[in-house]
Structures are given as C-alpha cells and as structure tokens.
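Here is a short briefing for a reader new to this structure. Please look over the chain before reading the points below.

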Amino acid sequence: MRAHRSVRRGLACLAFAGLAWGTTGAAVDFVQRSSDLGPMAVSFWRFLTGVALLLAARVLRPARAVPGTPRPIGRRVLLFTGTGIGLAVLQTAYFAAVQDTGLAVGTIVALGAAPVLTAAGGRVFLGEHIGRAGLLAVAGALTGLAILVLGNRAGAVHPAGVGLALLSAAGFAVTNLLGRWTGRHGAGEEPFTLTVGSFAVGAAVMLPFAQAEGLLPHTAHLGRIVLLMLYVAAVTTALAYPLYFAGAAVLRAATASVVMLVEPVGAAVLAVLLLGERLTLATVVGTTLMLAAIGGLALTESRPAAES
C-alpha cells in the first residue's frame, strides 16, 4: 500500500510539472516576439535564474540532513553532466521548434515522440518490461504523432520545426533514462540536488551559445519580458523540475514520459486562445490519441501490485 501511495504521488507530481510546462512555450513565444532574445539566450537565463531561485529557497528553508550511503563519484558526475546537457538540448530545441512551426505542433511532436524514444531506450538499455499497457500507450502515441505530422496539409507543419521537436524529445528521453540508470546503480540524487546541479551544467553549456546569439534583450517592453522570464524560471523551472524528478524517480521511464503528454493539452489551448493558432482536424485527432495513451497507462500504473 505504501508503494501504491508513492506511485500516486509520483503521478501527481508529473501531472503538475506537465501542466506547468504546457505554459512555457506560450510565455517564451511572447518573449521572442517582443524582443530579439533567441532560444539559446532564453535557455541560458532560464537555467541561471532557476538555480538562483532554488538556492535562495534552500537558504530560507534549509533541508534536514538525511544520512545515506556514499554514491560513486563517477556516476554522480555522469548523472549531473548528462542530465544538464540533455535538458539544454531538450528546451533549446523545443523553443526553436515553437518558433519555427508553432506552439501546438512543436509541443505535441516533442512530447509525442518522447515516450516512444524513452520506451525503446528503457527496453534496450535498462531491460525494462514494457508490458501490454505500455505497448498500447506507445502505439497510441505513435499513431497520434503520425496523424498529426502526415495528416495536416502542406505548410501547416514545417519539417525543420518537426526535426527540432524530435531533437527535443531525444534530450527528454536521455535525461529520463539516465536518471533511472544511475538510481539503480547507487548514484541517484534527491530532486533538489539533481535539479540545481543539472541547471548549473546546463547554464555553463549554453553560455557561449547564448553570448553568440545575444544575451540581453533589446525591446520597448522590458518590464513584460522580465516578468515573463521570472515566471518561466520560478514556476516552470524551479518548481516544476524538482516535482518532475521526484515523480520520475518512482515510476518506470516509459510511464513517466507518457504521463508528461499532459503538456500538449495546455500548450494547444494556449496556442488557440492566446496566440491565434488554428487546430486542424488532424491535430485534434492526433492529440486525442495521445491523451488516450496517457489515461490508459496512468490508470494501469496507479493500481496496486496485487491488482496488476
């Protein structure tokens, strides 16, 4: 029963993180439209501000020390470095995809491909048993993705944007699988430490690219840009990422990735209501299939082991 409650809490953490991340693309789209900040600069400031906010929160509310077994240094370095680089690829490619092909399509392709790549990686590298529910979820995500990309008329979906969204999905899958692998080999980290360390690596990786692109915005709406970036850093970064890592730590890699498909729902709604994007029939059908995959897999995962 305790394991059952842990799984339910994990699902709740992932659902909140996904809903928060669903607003990221819209906020960043406004930033990019209102200034000359590009995806690399936005990624750098998101990482750096997220680290600052998390460290400030820890100073204001120190965590109690919990004794634990020493973790292998090499695997800890691999975890922080790999996760930081993976997150840098994930969000920078995602912001570029949204800029190229729109918020709704960019988000749905990125998050639709992620469970497929994660499930395949989990099976090949971690030896995870996908099961019938997992296979159905992956099949639903694949079918929805195919309808979304192939069912839209020419011009509605940009191939370059789809490629960037798939690159973002690959970054997501790497971070997901790496966290599971290190956790199994005694190098797992608690969510706060993993988030801060990964963001620090991500900021360091993105700094030279952001400098080449332009670090500071040039805009007549500086106050709006600052507020939007603070929202992105505080809610969708400093709050959402620790919740994501906490949820992913207690769920299978494929399950965590599929549950995060709640993100396209919020992104699609915001794309229509705030950005004036139009959802085609193919987009709606593809998204519906992905949501069906989420519901089925989440229901199966949340049942106690005795019922499975």
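A residue counts as buried when its relative accessible area is under 20%. Thr-280 comes in at 19% relative accessibility, so Thr-280 counts as buried. The model is predicted. Its protein chain has 12 helices and zero strands.

**Overall make-up**

- Along the sequence, the pattern of the protein chain reads α-α-α-α-α-α-α-α-α-α-α-α.
- The protein chain has 308 residues, and 50% of them count as buried.
- Take the contacts in the protein chain with a separation of 6 or more: residues 24 or more positions apart account for 93% of them.

**The nonpolar core**

- The largest nonpolar core has 70 residues.
- Leu-103, Tyr-244 and Met-260 have the most contacts inside this core.
- Helix α9, residues 222-248, supplies the largest share of the core, with 10 residues.
- Met-260 is in contact with Leu-14, Ala-17, Gly-18, Trp-21, Leu-111, Phe-172 and Tyr-244, leaving aside neighbours within four places in sequence.

**Aromatic rings**

- The whole structure holds seven aromatic pairs.
- One of them joins Trp-21 and Tyr-241 in a tilted arrangement.
- The ring centres of Trp-21 and Tyr-241 are 4.7 Å apart, with 50° between the planes.
- This pair links distant parts of the chain, as its two residues are 220 residues apart.
- Trp-21 sits in helix α1 (residues 2-21), and Tyr-241 sits in helix α9.
- Both Trp-21 and Tyr-241 are buried.

**Helices α5 and α11**

- Helix α5 covers residues 103-125, and helix α11 covers residues 262-273.
- The two helices pack at an angle of about 170°, with their axes 8 Å apart.
- An angle over 145 degrees counts as roughly antiparallel.
- Helices α5 and α11 are therefore roughly antiparallel to each other.
- On the α5 side, the contact is made by Leu-103, Ala-104, Thr-107, Ile-108 and Leu-111.
- On the α11 side, the contact is made by Glu-263, Pro-264, Ala-267, Ala-268, Leu-270 and Ala-271.
- The residues of this contact divide into nine nonpolar, one polar and one charged.
- Leu-103, part of this contact, is among the residues with the most contacts inside the largest nonpolar core.

**Gly-122 in helix α5**

- Gly-122 lies in helix α5.
- Its relative accessibility is 0%, so Gly-122 counts as buried.
- What does Gly-122 touch, not counting residues up to four places away in sequence? Gly-122 touches Gly-127, Glu-128 and Leu-177.
- Gly-122 and Leu-177 are 55 residues apart in sequence, yet 6.6 Å apart in space from C-alpha to C-alpha.

**Ala-240 in helix α9**

- Ala-240 has its place in helix α9.
- With 0% relative accessibility, Ala-240 counts as buried.
- Ala-240 touches Ala-17, Ala-20, Trp-21 and Val-235, not counting residues up to four places away in sequence.

**Thr-280 in a loop**

- Where is Thr-280 found? Thr-280 is in the loop between α11 and α12, and α12 covers 281-301.
- Thr-280 and Leu-148 are 132 residues apart along the chain, and 8.9 Å separates their C-alpha atoms.

Key: Residues are numbered from 1 along each chain as its sequence is written. This is a predicted model: local features need pLDDT of at least 70, side-chain atom pairs count only at pLDDT 80 or more; totals for chains, interfaces and linings use all residues. Side-chain values use heavy atoms; hydrogens and water are left out. Axes are lines fitted to C-alpha atoms, for helices over the stretch in contact, and angles run from 0 to 180 degrees between N-to-C directions. Helices (H or I, at least four residues) and strands (E, at least two) are DSSP runs, numbered from the N terminus. Angles under 35 degrees count as roughly parallel, over 145 as roughly antiparallel, 65 to 115 as roughly perpendicular and the rest as oblique. Contact means heavy atoms within 4.5 Å. Ala, Val, Leu, Ile, Met, Phe, Trp, Tyr, Cys and Pro count as nonpolar, Asp, Glu, Lys and Arg as charged, and the others, Gly among them, as polar. A nonpolar core is a set of buried Ala, Val, Leu, Ile, Met, Phe, Trp, Tyr and Cys residues joined through side-chain atoms within 4.5 Å. Buried means under 20% relative accessible area, exposed over 50%, partly exposed in between (1.4 Å probe, protein chains only). Rings of Phe, Tyr and Trp (its six-membered ring) pair if their centres lie within 6.5 Å; planes under 30 degrees apart count as stacked, over 60 as edge-to-face and the rest as tilted.
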